[in-house]
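Here's a quick tour of some helices, rings and side-chain contacts. Have a look at the model, then read on.

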Amino acid sequence: MVALIGFAMIVAIVFLLLKGKMSPIVVLTLIPAIAALLLGFSPVEIADFIKDGVKTTTSNGILFIFSVIYFGVMSDTGMFDVIVQKLVKLAGNNVIAVTVATALIATIAHLDGTTAGTCLITVPAMLPLYKKLHIRPVVLCCIISAAISIMNLTPWGGPVARTAIILKTDASILWHELLPLQGVGILIVLGFCVYMGLLEKKRGAGLNPTGKAAELTEDMSMAGNDAPADPSLKRPKLVWINWMGTLVVILLMCFTKIPLYGAFMIGLAAALIINFRSSKEQANAVKRHASAALLTPMILLTTGIFLGILNGTGMMKSMANILINIMPNALGPKLATVMGCLSVPFGMMLGTDSFFFGFMPLCIGVAEKFGVAAHDIAMSMLIGKDFCIMVTPHNATTWLLIGMAGVSLKDQLKFSAPYLWILSIITVFAAGILGVFQM
C-alpha cells in the first residue's frame with residue numbers, strides 16, 4: 001500500500017506539472033501532504049517530515065535569490081556588453097568564427113545561470129550575422145542550447161541546486177566536482193561549433209547569391225545589440241571594476257569556507273554601493289530582478305516538503321524495493337552510465353521538476369540496491385539532463401529561444417535534439433573518465 005500510494009503520488013505530481021494547470025508550489029505542497037494523510041500519518045508527523053525536508057533546501061534557495069539578483073544587476077550595468085561587442089566584431093564574415101563566437105557569448109551570458117537572460121543577450125547579438133551569412137537560425141538555437149547545457153552546471157543554476165537537495169548536500173560541493181567537467185565541456189561545445197560552421201559552409205553559408213563572400217557593414221556587425229530597458233543603468237566606466245568584483249566573488253566561492261550565498265551577499269552589497277549612489281537607486285536595482293529571483297527559490301523550498309514526506313513516510317524505500325525486482329541484474333551495476341545517457345529523452349518528457357524530484361529519487365533508490373552510490377547516479381543524470389533544457393516543449397525558455405530566432409518547435413526538436421543527445425552522451429562519458437561519477 002505504501003509503494004502504491006507513493007507511485008500514485010509521483011504520477012499525480014508529474015501529470016499536474018506537465019499539464020501546467022497548477023503552480024509547482026501548489027503541486028509539491030498539497031499532493032505529498034494528501035498522500036501522507038492517506039497513509040495514516042497525523043498532521044503533527046507530517047509537519048515533522050516537512051521540517052526535516054525544508055532544512056535541506058534552505059541554503060540553496062538563499063543562494064539562488066542572491067546570485068540571480070547579483071548577475072541581473074551586473075547585466076543591467078553593461079558588464080557583458082564589451083565582450084559581446086568585441087566577439088561579434090572579431091567574427092566578421094567567417095562562418096566558423098561566427099558559430100564559435102555564438103558559443104562564447106552564450107557561455108559568458110550564462111554566468112548568471114538564467115536561460116532567459118542568455119537568450120536575450122545572445123540571439124539579438126548574433127541573429128543579424130546569421131541572416132547576412134545565410135546560416136540557418138536553427139544552428140544558432142542549437143549552439144546556444146549546447147552552451148547553456150554545460151554552463152548550467154554552476155551551483156546557482158537550478159539543476160545543480162535541485163541535485164544538491166536530492167543528495168542532501170551543498171551545491172558548492174557538487175560544483176567543485178563538476179568544475180573540471182565544465183572546462184572539458186566548453187571545449188566539447190567549441191569543437192561542436194566548428195563542426196556546425198563547417199556544415200553550414202558546405203551548404204553555402206558565407207556566400208552571397210553570386211557565389212562571392214558576403215560582406216558585412218559595420219552597422220550589420222553590431223546590429224541586434226539591443227540596449228537594456230533603461231540605458232541610464234549602464235556604467236561603462238565601471239565595467240572593469242564590476243568584472244574584478246565578480247572575480248572576487250568567484251574566488252571567495254572556490255577558495256574560502258564562506259557559504260556560496262554569503263559570497264553573493266557580499267558581492268551584491270559591494271555592487272550596489274559601487275554602481276548606485278542613493279538607497280532608492282539601490283532598492284530599484286534589486287526590485288528589477290526580484291520576481292525572477294524569488295520564484296525558483298520558492299519552488300526549491302516546497303520541494304523540501306515533497307522530499308521530507310517521500311522519505312519520512314517510507315514511500316521511497318517501498319517503491320525502490322518494487323522496482324528492484326523488475327530491474328535486470330546485468331544492468332544494475334552500470335545504471336549510473338545508462339541513466340545518464342538516457343536522461344535527455346526522459347528529461348524532455350518529464351520536465352525539470354518532475355525529473356529531479358520525481359524520477360531521480362526513484363532511480364537512486366533502485367541503484368543503491370545494486371551497490372551504485374546515490375551520488376554517482378544523481379551526477380550522471382544531472383549531466384545528461386542538462387542537455388535537454390532548450391528542447392523541452394513545456395519549458396518556457398524553449399519558446400523564448402525559438403521565438404526570438406524565428407524557428408519552429410518542429411525544426412528545433414528535429415535538428416537540435418539529436419545533436420544535443422549525442423553531446424550529452426559524450427559529456428557523460430567524459431564525466432566518468434574524469435571521475436565525477438563511477439561508471
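## Helices and rings

Helix H8 is mostly covered, with 14 of its 15 residues buried (buried is under 20% relative accessible area, exposed over 50%, partly exposed in between, with a 1.4 Å probe and protein chains only). Helices here are DSSP runs of H or I, at least four residues, numbered from the N terminus. This is a predicted model: local features need pLDDT of at least 70, side-chain atom pairs count only at pLDDT 80 or more, and totals for chains, interfaces and linings use all residues. Residues are numbered from 1 along each chain as its sequence is written, and side-chain values use heavy atoms, leaving out hydrogens and water.

Now the rings. Rings of Phe, Tyr and Trp (its six-membered ring) pair if their centres lie within 6.5 Å; planes under 30 degrees apart are stacked, over 60 edge-to-face, the rest tilted. That rule gives eight aromatic pairs. One of them is Phe355 with Phe359, a tilted pair. Both Phe355 and Phe359 are buried, and they sit about one helical turn from each other because they are four residues apart in helix H18 (residues 352-369). Ring pairs also tie Phe192, Tyr195, Phe415 and Tyr419 into a cluster.

Lys385 has its charged end over the ring of Phe355 (NZ of Lys or CZ of Arg within 6 Å of the ring centre and within 35 degrees of the ring normal).

| Ring contact | Distance |
|---|---|
| Lys385 and Phe355 | 5.9 Å from charged end to ring centre |

Key
Helix = DSSP H or I, 4+ residues; strand = E, 2+ residues; numbered from the N terminus.
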